[in-house]
Amino acid sequence: YGPPRQHQYVVQDAAYYRRGYPQPPYPQPPYTQPPYPQPPYTQPPYTQPTAPTYEPVHYCPNVAGLETRCRPTKDCAVWYDETLATPYTACQLSDGNAGSCCPDIPSNTKGTPFKEPPACQGEIQLDDHVGCLDVFSVNAAADAGELELRLHKETAKRLKDSDIVVQAASPRATHARFSNPSDHARVVNTEAFVGVHTAVVLVKRFKIKTEQVGCALHKFKLTDTDLDKKCTSISKAHCTEHQLNSPYRTIDGSCNNERHFVWGRAATQYHRMLASDYADGVWAPRTGKNGIELPSARLVSTTLVRDEDKPSESTTIWFMQYGQFLDHDIVSTPEMTNEDGTPVTCCSEDGKHLENEDRSHGKCLPIDVPTNDPFFAKFGRTCIQFVRASLACRTDHQLGHATQLNDNTHFIDLSLVYGSNDKLASELRTRVNGELNVTLKQGRGFHKFDLLPPNEGSPLHAPCTLPREVSGVEPPSNVRCFKAGDGRPDVTPNMATSQIIFLREHNRLAKELAQLNPSWDDERLYQEARRILIAQAQHITYNEWLPILLGRSKMAQLGLLPLQSGFSTDYDDHLNPSILSEFVAGAFRFGHSMVQGKALMVNQQRSVEEDIQLRHHFFKPQTLYTPGNLDKYLIGLATQPTQKVDLSFTKELTEHLFEETGMGFGLDLVALNIQRGRDFGLGSYNDYRELCGIGRVTIYDDLADLIDPVVCNPCFQKNFGHQATKPNT
Ligand code: HEM
Ligand SMILES: [Ca+2]
């Protein structure tokens, strides 16, 4: 154990600093475009690697009626349910290590490529006055869009002057931290905003019917209008020969597809399964089919969701946690902010709705809390804060409905470890031996336990230490929130734990590679370690995680199973790899139902030493600074059951999300999810049932297989009276 390596963050005692090591903040190395190591790269000859062969062992039983072999247990992951259910599947590998008996991985059928609906779908007859919309009208509307933007700036200034701002450490401030845009995303949002407002103005001025909006607007390319200076980062995307040939992924995900350089790049739009469903065809949240407002997202939450303890019999919270880890790799939907980057507030400090003029910037979609709300009513709150998602430039570079922005790369490329833009990626590196910055912590003796480097956040960020009432000790001065490739590494201690072990694995790989290849420089070591770690994450996702979620046969049917040997030739360069709006704003949030209200800390003897209640630990990674605690979280992850995926959600999420200590309430994640779907213009539940081939429902009784009618039919009648027999909306 020697002095700190260059640019590593060190938390140590005062005596350590007195010995002359630099005090934080450390200067960041000046950012330069990472020089890709020693080109020219030649593509390696792609020969099918030889697969390890495992001898049949005489005592291996058949599993699922199939012959098995003794293999490393990870190679049995896709068979985990059958292997677990079959007695005597434990075996010994020829090298003496323990293994499991299981069959070969089943073969895939080839999946069907997915097609996004076109902007102008079907035979839409445009009204005459809409058909003759011309570029002059578009330019006039663009002027109005620009004016709107200026008005927004004035509104923001007025609000600041009147002190209608986000309160530090409030749930809104913490949510803003969770959904904080990168600098680049803020620029993109502003440019896209003008395009969306142009469309909104056109729709209003020309009274374009909602169903005609797509066809009326998509014929206008931004480059043919006064909006030609907007969103040029997409139209002018460029990749060098060198980038296209590099064996390493770019940090921002660009240049992955040789013809569509921006596909999958950070700060680009989510794509869609179904056409958007906005009330005005552009950006106004969906209404019911009869034009009336949809019921409050909070009312939907309290009507449908309970907090019941229903632990899974087969799955530990590692499954939940890896889901969130994956989510933070492939998506990050930043909220809109004020022009200076400060968060927007959508309710008053005492939880009431703001005056209309105070949210005339259009960035708010606050959630109504019914006055008889079973929880929030006692705090007198009638308004839950909700800020709309940042807008993206449309990759088709046309005028049309709003699209939302993904601030992370859309690929499974561990952007949450490495960053999704070059500036952040550079800040995370030591620039020595290919390693990433850590907070060096020294336990007893020579025991080291690196943590993530610190994030010296903005003043609005909630304090990163636990209050005395919770921890029993004064908040230590060395505790910092963490910095990683994604902005949410410390949303919970278990999330931070996941980020830390991937960080450590990168540095372990870099060290091993350095020993094996003494001639490699920092860049080469960093990129090779990164490449291996990404492959590990992808393999965990497809070999271990997805089979639990989707099941083996569905995986095989979709062509998603890993191969027993060799590699796949399924890559289709016509397929846009972008994440879908439906996935990010809807489907993949299923994981919230699995969250346990208390995370267990379990010791080596498998006894629970402590449980931590989520409400106290959002963005407060203090417990990880204690030697040994990360291991206790890891054993907890591997032993505590998840909650089942159902209509039950812990109150830590539905009543206490991002709670400020001592306030007694936070936000409701289920309500936020529902509202986010409306913000994204997702279609109705019925539209997706139809898409998935399970048929529309027409009366609530049709939902009996999903929602217990005994519990819910009366509440549907009571709460959604006007729509009680029509779940269509
Ligand atoms: C304790 C654990 C978790 C917490 C506190 C949490 C919290 C949140 C919050 C606050 C949001 C933003 C809501 C909004 O404003 O729209 C969110 C979004 C999301 N969550 Fe979770 N979540 C957790 C676990 C999970 C898990 C286990 C999964 C999936 C398996 C998941 C998937 C998602 C997805 C896909 C989004 C959308 C992300 C984005 O748009 O950037 N979350 N979550
Ligand atoms: Ca990514």
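Predicted model: local features only at pLDDT ≥ 70, side-chain atom pairs only at ≥ 80, totals over all residues.
As for the ground rules, local features need pLDDT of at least 70 and side-chain atom pairs count only at pLDDT 80 or more, while totals for chains, interfaces and linings use all residues. Residues are numbered from 1 along each chain as its sequence is written, chains are lettered from A and ligands numbered from 1 in the order in which they are written, and side-chain values use heavy atoms, with hydrogens and water left out.

Ligand 1 first. The space it takes is the largest cavity; a cavity here is a set of points on a 1 Å grid over the protein atoms alone where a 1.4 Å probe fits but cannot get out, and a molecule sits in one if more than half of its atoms lie within 2 Å of its grid points. The elements giving two or more residues to the shell are α5 (171-178), α11 (317-330) and α22 (669-679), with helices taken as DSSP runs of H or I of at least four residues and strands as runs of E of at least two, numbered from the N terminus. Of these, α11 gives the most, at four residues. The shell has 24 residues, and His 175, Thr 333, Arg 589, His 592 and Arg 676 are the closest (a residue is near if one of its heavy atoms lies within 4 Å). By type, the shell splits into 12 nonpolar, eight polar and four charged residues.

Thr 333 places a side-chain N or O atom 2.5 Å from an oxygen of the ligand, and for Arg 488 the distance from a polar side-chain atom to a ligand oxygen is 3.1 Å. The iron atom of ligand 1 gets a single protein donor, His 592 (NE2), at 2.1 Å; donors are N, O and S atoms within 2.8 Å of the metal, or 3.2 Å for Na, K and Ca, and since water is not among the atoms, sites may look incomplete. His 592 itself sits in the loop between α18 (581-585) and β11 (598-602).

The calcium ion (ligand 2) has its protein donors at 2.3 to 2.7 Å: Asp 329 (O), Asp 329 (OD), Thr 409 (O), Thr 409 (OG1), Phe 411 (O), Asp 413 (OD) and Ser 415 (OG). Along the chain they follow the spacing D-x79-T-x1-F-x1-D-x1-S. Asp 329 belongs to helix α11 and Asp 413 to the loop between β9 (405-406) and α12 (415-418), so the pair ties together parts 84 residues apart in sequence. Both Asp 329 and Asp 413 are buried, i.e. under 20% relative accessible area, against over 50% for exposed and in between for partly exposed (1.4 Å probe, protein chains only).

Phe 619, in the loop between α19 (614-617) and α20 (629-639), has a positive phi near 55° without being a glycine, and at 0% relative accessibility it counts as buried. Phe 658, in the loop between α21 (651-654) and α22, likewise has a positive phi, of about 60°, and is buried at 3%.

Terms used. Polar contact = N/O pair within 3.5 Å; in protein donor to acceptor, adjacent residues only side chain to side chain. 1 Å grid on protein atoms, 1.4 Å probe; cavity = no way out; pocket = protein on both sides within 12 Å on 5 of 7 lines; lining within 4 Å. Nonpolar A, V, L, I, M, F, W, Y, C, P; charged D, E, K, R; others polar.
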